[in-house]
Amino acid sequence: MARDLVAVPMGLSRIQITHIRNLHQQRLDGLGTVNVFYGANGSGKTSVLEAIHMLGMARSFRGNSTRTVISHGEQACTVFGEVREPGAAGVALGVQRSRDGEVQIKIGGQPVRLVSELVARLPLQLINSDSFDLLMGAPAARRQYLDWGVFHVEHRFFSQWQRFQRCIKQRNKLLRHGKMADHELSVWTRDLVSAGEAINGFRRAYFEQLTPRFAHIMAELSPALPELELRYRQGWDKTLSYEEALEASHATDLEQGYTHVGPQRADLKVYIDGHLAADTLSRGQQKLAVCALKLAQGQLMSETQGRPCTYLVDDLPSELDFQHCRQVCEKLASMGAQVFITCVEKNDIAAAWPGSAELHMFHVEHGQVMAA
């Protein structure tokens with residue numbers, strides 16, 4: 001397989017992984033636009049993606065316990081990498097997580113406090129078995145999906161999101177207490193309304209941009225499938241302002257001790273012929289829909305921000321026949337996004353990816369990652 005070892009203009013150019021599951025000491029240099037990790041199940045392929053996810057999100061995508069991520073007998077795991085950004089030199093990123101829960105993040109050698117700074121440097125899209133939660137899971141997964149997109153295209157969003165989280169925490173605390181001055185509750189409610197309306201406005205504007213891109217990509221991936229429809233629910237009666245909705249739920253909020261309406265109740269659902277896609281589509285069709293949702297976000301980010309995101313794709317051939325696997329690969333290739341993708345057999349992706357000379361192949365065996 002021909003390989004070009006020149007680092008990509010944008011994206012992750014190298015990574016060093018220490019004590020993540022069975023990857024004890026692994027260094028990968030000269031990462032390309034498309035990086036394929038193949039090997040037997042349990043060899044460590046998914047752990048490579050997990051390490052990259054930790055570098056961009058400061059956490060694993062497999063469970064909430066850091067202790068299970070750290071190699072047996074070790075006290076901490078560490079990931080270092082270099083990210084190349086548009087018109088800039090490489091920026092070093094580093095994340096260390098300890099068994100005692102401590103997290104250390106560095107950007108350009110300097111410690112940072114907020115994970116959001118890391119997320120902005122290495123925007124990641126994950127496509128794996130958990131991605132089906134976008135169709136079948138709880139609304140929280142879909143809100144997280146939506147807010148990822150809004151965060152990366154609307155720079156005013158994060159400050160309003162932080163403000164909303166602070167306000168609803170304080171308001172719920174007052175509601176639970178049961179004995180508070182009305183003016184104190186009204187102060188937090190007023191700020192909650194302001195932040196909540198702003199968040200909903202940002203989400204709705206993003207949704208309007210996302211919808212046509214999702215429909216177009218879905219038509220490319222599965223032309224025979226009837227058109228899927230995205231629906232956004234803001235978290236309260238759309239005929240009311242947020243202030244009016246809070247007034248209407250005031251008695252219930254007092255009785256039960258928490259805020260019932262607002263952006264924290266928002267949802268994004270996929271329908272086909274008026275029915276939930278999760279109840280109608282086959283497993284393979286569901287995976288295509290999930291891929292379309294993720295690809296649409298990457299396309300929108302690239303078009304509006306002038307930079308692609310990085311895709312982590314775990315076992316793409318699972319649940320997809322060769323033709324549909326190839327169509328997803330063709331779409332990823334056309335976007336110019338950096339991709340880290342796993343499979344069992346070397347040719348699973350090599351045969352499906354257009355222009356195989358672009359692929360950087362890595363064989364993973366017993367926790368050892370070797371350029372192939």
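Reader: Is E319 buried, partly exposed or exposed?
Author: The model is a predicted one. In it, E319 has a relative accessibility of 36%. Buried residues lie under 20% and exposed ones over 50%, so E319 counts as partly exposed.

Reader: What is the phi of E319, and in which loop does E319 lie?
Author: Phi of E319 is near 75°, a positive value in a residue other than glycine. As for its place in the chain, E319 belongs to the loop between β12 and α11.

Reader: Which phi does D315 have, and where is D315 found?
Author: D315 is not a glycine, yet its phi is positive, at about 55°. D315 is found in the loop between β12 (310-313) and α11 (322-335).

Reader: Is D315 buried, partly exposed or exposed?
Author: The relative accessibility of D315 is 32%.

Reader: How many disulfides does the count give?
Author: A pair of cysteine sulfur atoms must lie within 2.5 Å to be counted. C329 is in no disulfide, as the nearest cysteine sulfur, that of C325, is 4.4 Å away. By this rule the count comes to 0 disulfides.

Reader: Are C329 and C167 buried or exposed?
Author: C329 has a relative accessible area of 0%, and C167 has a relative accessibility of 2%. The limit for a buried residue is under 20%, so C329 is buried and C167 also counts as buried.

Reader: Which residues form the negative surface patch, and which helix gives the most to this patch?
Author: The negative surface patch is formed by E197, E243, E244 and E247. With 3 residues, the helix that gives the most to the patch is α7 (residues 242-248).

Reader: Is E244 buried, partly exposed or exposed?
Author: E244 is found in helix α7. Its relative accessible area is 39%. This value falls between the 20% and 50% limits, so E244 is partly exposed.

Reader: How many salt bridges are counted?
Author: In general, side chains of opposite charge can pair when their charged atoms come close. The rule applied here asks for a side-chain nitrogen of Lys or Arg within 4 Å of a carboxyl oxygen of Asp or Glu. By this rule the count comes to 17 salt bridges.

Reader: Which parts of the chain does the salt bridge between R14 and E82 tie together?
Author: The closest N and O atoms of R14 and E82 are 4.0 Å apart. R14 lies in strand β1 (residues 11-20) and E82 in strand β4 (residues 76-84), so the pair ties together parts that are 68 residues apart in sequence.

Reader: Are R14 and E82 buried or partly exposed?
Author: The relative accessible area of R14 is 28%, while E82 has a relative accessibility of 17%. With the buried limit at under 20%, R14 is partly exposed and E82 counts as buried.

Reader: Where do the partners E50 and R21 lie, and how many residues apart are they?
Author: The side chains of E50 and R21 meet in a salt bridge at 2.7 Å, N to O. The pair links distant parts of the chain, with E50 in helix α1 and R21 in the loop between β1 and β2 (23-28), 29 residues apart.

Reader: Are E50 and R21 buried or partly exposed?
Author: E50 has a relative accessible area of 0%, whereas R21 has a relative accessibility of 23%. By these values E50 is buried and R21 counts as partly exposed.

Reader: Are E154 and R156 buried or exposed?
Author: The side chains of E154 and R156 meet in a salt bridge at 2.9 Å, N to O. The relative accessibility is 18% for E154 and 52% for R156. Hence E154 counts as buried and R156 as exposed.

Reader: Where is G44, and how far apart in space are G44 and L230?
Author: G44 lies in the loop between β3 (34-38) and α1 (45-57), and at 8% relative accessibility it counts as buried. G44 and L230 are 186 residues apart in sequence, and their C-alpha to C-alpha distance is 36 Å.

Methods: Residues numbered from 1 in each chain as written. Predicted model: local features only at pLDDT ≥ 70, side-chain atom pairs only at ≥ 80, totals over all residues. Heavy atoms only, no water. Buried < 20%, exposed > 50% of the residue type's maximum accessible area, 1.4 Å probe, protein only. Patch = residues over 30% accessible without salt bridge, like charges linked within 9 Å, V, L, I, M, F, W, Y side chains within 5 Å. Areas by Shrake-Rupley, 256 points an atom, 1.4 Å probe, with all protein chains shown as cover. Lys, Arg positive; Asp, Glu negative; His and termini not counted. Charge placed at Lys NZ, Arg CZ, Asp CG, Glu CD. Helix = DSSP H or I, 4+ residues; strand = E, 2+ residues; numbered from the N terminus.
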